[in-house]
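Dear colleague,

Please find below the structure that I am handing over to you. My notes on what was found in it follow directly after.

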Amino acid sequence: MIQAKGERPLMILIPAFNEEGAVGTVIREVHSLYPDLPILVIDDCSADGTRTVALESGADVITVPYHLGLGGCVQAGYRLAFDLGFEYVIRLDGDGQHDPAYVGLIRDTLFRSGAQMVIGSRYVNGGGKHTSFARGVGIVFFRWFLGLILRKRVHDPTSGYVGVNRQALEVFARSFPLEYPEIEALVVLQRLTFRFEEVPVKMRPRMAGTSTITAVRSFYYVLHVLLGVVVNILKYQGSKSRP
Amino acid sequence: MDRLLSIIAAFSIVLIGVVLFNIRRAHIRVEYSVSWLGAAIILLILSQSPWILGQLAHFIGLNNLPVSLLLIVGALFLVVFFRFSVIMSDLKDSNVALTQKVAILEYQINALHEKPQSSRRE
């Protein structure tokens with residue numbers, strides 16, 4: 001079982017759903033670059049061999065009994081990391097889009113800045129811009145929308161390549177959006193007057209499989225996230241008006 | 001109007017019967033049947049008491065009793081559906097938390113089983 005070791009224990013969290021074609025490579029890449037970092041894969045009840053591949057590649061694996069969705073998986077990982085005493089967690093996608101070479105940069109920024117969250121952004125300092133057209137439109141829209149709310153520019157609000165410290169871990173272990181969590185998580189951080197920073201990363205094409213966000217689902221995505229953000233703003237206003 | 005009231009009354013009685021039957025067969029838990037029974041009883045009372053219906057129609061600002069009755073029926077079922085949405089959301093949250101807990105415990109139990117085996121090998 002993974003254990004929190006060292007002065008600043010850090011865990012790599014990889015949520016994966018039907019990623020047998022990519023997750024093994026991602027784990028081996030992380031191991032080769034950072035041999036001491038424990039890796040936890042949350043298998044979202046995959047129908048393929050994701051669990052077996054992840055175990056054979058040297059990761060610890062939690063398989064949830066039914067398909068929870070991305071947010072539910074990430075939160076399970078955050079819960080375990082918090083309970084085990086980890087100070088930091090860096091989340092990578094299991095499809096290979098997040099290059100593990102940037103884990104060190106995210107980790108160092110977490111250590112140095114004291115920010116509660118560090119986002120690996122494909123739009124800072126000319127980082128790689130590999131993304132679909134629908135997602136690109138969504139990013140532009142939410143970048144503008146979040147700019148109004150957060151009063152701070154977010155270059156890549158949909159990036160799932162994020163690191164969090166223990167303060168954010170405690171909050172997210174208790175409550176985390178179940179679907180499309182990235183943008184809502186930023187608003188939650190703002191509500192708690194937490195800080196986030198962005199660092200440049202290059203995204204790669206998926207190694208295998210297809211994205212769950214299709215053109216039709218992207219409309220649902222926008223509506224869902226907008227509603228989630230508005231609800232969080234209302235909570236924010238409520239907490240401000242409280243004596 | 002009388003025919004509409006009779007149809008609503010019959011519908012209410014059937015609804016009460018169906019709900020009670022399902023409670024007896026344990027298909028619905030008693031606490032979740034209360035909304036349906038309450039809505040059905042209110043409809044039955046309204047359909048059998050034109051005076052109360054008239055007062056409500058006057059309160060709403062409608063002179064047309066059938067339209068008022070249909071509005072009230074719609075509003076009642078909206079309230080019932082909303083209540084079930086709240087219950088479903090609560091159940092979903094509990095279900096997700098439980099699922100995460102089970103998955104984490106399963107992982108920890110497997111790790112405990114592996115530990116003695118590996119120490120025995122040593």
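In helix 1 (residues 23–33) of chain A, the buried residues are Val23(A), Gly24(A), Val26(A), Ile27(A) and Val30(A). Their directions from the axis of helix 1 of chain A fall within an arc of 165°, so these buried residues line one face of the helix. The arc is that of the directions from the helix axis to the C-beta atoms. A residue counts as buried if 20 or more other C-beta atoms lie within 10 Å of its own, as exposed if 12 or fewer do, and as partly exposed in between, with C-beta atoms placed from the backbone. Helices (H or I, at least four residues) and strands (E, at least two) are DSSP runs, numbered from the N terminus. The cover over the buried residues of helix 1 of chain A includes strand 1 (10–16), strand 2 (39–43), helix 2 (50–56) and helix 4 (103–113) of chain A. Such cover is judged by contact, meaning that the C-beta atoms of two residues, placed from the backbone, lie within 7 Å.

**How to read the model**

This is a predicted model, in which local features need pLDDT of at least 70 and side-chain atom pairs count only at pLDDT 80 or more, while totals for chains, interfaces and linings use all residues. Residues are numbered from 1 along each chain as its sequence is written, and chains are lettered from A and ligands numbered from 1 in the order in which they are written.

**Chain A as a whole**

Chain A contains 8 helices and 7 strands. Its radius of gyration, taken over C-alpha atoms, is 17 Å, close to the 18 Å that the globule rule (2.2 Å times the number of residues to the power 0.38) gives for 243 residues, so chain A is as compact as a globular protein of that length. The C-alpha trace of chain A spans about 50 × 40 × 40 Å along its principal axes. Of the 243 residues of chain A, 47% count as buried. Among contacts in chain A between residues at least 6 apart in sequence, 76% join residues at least 24 apart.

**Helices 5 and 7**

Helix 5 (residues 133–150) and helix 7 (residues 181–191) of chain A have axes that come within 11 Å and cross at roughly 10°. That makes helix 5 of chain A roughly parallel to helix 7 of chain A, a description used for angles under 35 degrees. From helix 5 of chain A, Phe142(A), Leu146(A), Ile149(A) and Leu150(A) meet Ile183(A), Leu186(A), Val187(A) and Gln190(A) in helix 7 of chain A.

Asp156(A) sits in the loop between helix 5 and strand 6 (162–165) of chain A. Is Asp156(A) buried or exposed? Asp156(A) is buried, with 24 other C-beta atoms within 10 Å. Beyond its neighbours within four places in sequence, Asp156(A) is in contact with residues including Arg122(A), Tyr123(A) and Glu198(A).

Arg151(A) lies in the loop between helix 5 and strand 6 of chain A and is exposed, with 8 other C-beta atoms within 10 Å. Although Arg151(A) is not a glycine, it has a positive phi of about 55°. Tyr180(A), in the loop between helix 6 (166–174) and helix 7 of chain A, has a positive phi near 45°. Tyr180(A) is buried, with 23 other C-beta atoms within 10 Å.

Yours sincerely

Conventions. Axes are lines fitted to C-alpha atoms, for helices over the stretch in contact, and angles run from 0 to 180 degrees between N-to-C directions. Angles under 35 degrees count as roughly parallel, over 145 as roughly antiparallel, 65 to 115 as roughly perpendicular and the rest as oblique.
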